[in-house]
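Subject: Structure handover

Hello,

Here is the structure we talked about handing over. Please open it alongside this email.

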Amino acid sequence: MAWYRANARDLPWRRTTDPYQIWVSEIMLQQTRVAAVLGYYARFLETFPTVEALAAAPEERLMKLWEGLGYYSRARNLQKAARIVAEQGGRFPDTYQDLLALPGVGDYTASAIASAAFGRREAAVDGNVLRVVMRLTDCRDDIADPKVKKAVRAQIQAVMPEAEADIRVFNQATMELGATVCAPNGPPRCLECPAMAFCKGRLRGTAEDLPVKGAKKPAGWRRRRCSCWCGTERSPCGSGRGPGCWRACGSFPTWREPWTRLPPERRCPSGAWSPGGGRAD
Ligand code: SF4
């Protein structure tokens, strides 16, 4: 947290605890870089300074303002959620669970708003945080697996500070570390990192290979079985063109049943083709 206080980027949504402004920033930042969001964020709040103004805005005006930012469903969900909040007298939900019920608000966004706006002790785990944790702990678990993300969230939750002001800094600090020092593109800048002395990924030289995401399943074998008739007059594809016609047809006919269940006449007598043959696509 000391590192964050000394090094954090000065971003407009970090200067406020207004839930509306923090919510708008979090939605805009989904899948979008900070630099791209800054101008949109300022114009958006200038045009719709309150949740009521956003709720009452004509959709065309909203979409015009969002033009170029992409992922337009975010804007539509923002307005849907704004109308819900406006109907509740403009009072923003202030707990993780209640925030999660708003359209367009997922696990990470609910935690980020709950902690930044209301000082709730909720760990906000985005891709940056996952990367930092996996490198710090030299963990090769697949971060695309929701169970892994859930486990990381629980681990962070367990070590979060209790004081409201520290909670805000803690979440922002872990995200900032992942966004600026332990970054996704290029090697991590370990010499500038406050965790370099105890980071297992750095000490073991594995940091650059982490995190593991969407690990490819090892190449397997096709489940389908195909038939061949070697040295006979039968056409494997059923076209009646004779042996070898599969070359013209481009494929063998295939079955899904296990090899062992295939009748003997469907098995290749030459032994040139083995059960389950053919690499997976
Ligand atoms: S020491 Fe390097 S790898 Fe470890 S958290 Fe810091 S920047 Fe990332």
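Below is what was found in it, by topic.

**Confidence**

This is a predicted model. The mean pLDDT of the chain is 83, and 77% of the residues score at least 70. Two stretches fall below 50. One is residues 220-226, which has 20 contacts in the model beyond near neighbours in sequence. The other is residues 228-281, where pLDDT stays under 50 and the model has 60 contacts beyond four places in sequence. Where pLDDT is low, predicted coordinates should not be read in detail. Please treat the contacts of residues 220-226 and of residues 228-281 accordingly.

**Ligand shell**

There are 15 residues around the ligand. Those that come nearest are Cys-182, Cys-190, Cys-193, Cys-199 and Ala-207. Two elements give two or more residues to this shell: α9 (127-136) and α12 (200-203). Helix α9 has the largest share, with three residues. By class, the shell is made of 11 nonpolar, one polar and three charged residues.

**Helix packing: α9 and α11**

Helix α9 also packs on α11. Their axes come within 8 Å and cross at roughly 85 degrees. An angle from 65 to 115 degrees counts as roughly perpendicular, so α9 is roughly perpendicular to α11. On the α9 side, the contact is made by Asn-128, Val-129, Arg-131 and Val-132. On the α11 side, Thr-174, Met-175, Leu-177, Gly-178 and Ala-179 take part. The classes here are five nonpolar, three polar and one charged.

**Helix packing: α8 and α11**

Helix α11 (residues 164-180) also packs with α8 (residues 107-118). The angle is about 140 degrees, and the axes are 8 Å apart. Roughly antiparallel would need an angle over 145 degrees. The two helices are therefore oblique to each other. The crossing of α8 past α11 is left-handed. Ala-112, Ser-115 and Ala-116 of α8 meet Ile-167, Arg-168 and Asn-171 of α11. That contact has three nonpolar, two polar and one charged residues.

**Backbone points to check**

Most residues other than glycine have a negative phi, and most peptide bonds are trans. Two places depart from this.

- Tyr-71 has a positive phi, near 45 degrees, and is not a glycine. Tyr-71 sits in the loop between α5 (59-66) and α6 (73-87).
- The peptide bond from Leu-210 to Pro-211 is cis, with omega near 0 degrees. Pro-211 is in the loop between α12 and β1 (225-226).

Note that β1 (225-226) falls in the stretch 220-226, where pLDDT is below 50.

Best wishes

Terms used: Residues numbered from 1 in each chain as written. Predicted model: local features only at pLDDT ≥ 70, side-chain atom pairs only at ≥ 80, totals over all residues. Near = placed C-beta within 6 Å. Helix = DSSP H or I, 4+ residues; strand = E, 2+ residues; numbered from the N terminus. Nonpolar A, V, L, I, M, F, W, Y, C, P; charged D, E, K, R; others polar. Axes fitted to C-alpha atoms, helices over the stretch in contact; angles between N-to-C directions. Parallel < 35°, antiparallel > 145°, perpendicular 65-115°, else oblique. Left-handed = near helix turned anticlockwise from the far one by under 90°. Contact = placed C-beta atoms within 7 Å. pLDDT = per-residue confidence, 0-100.
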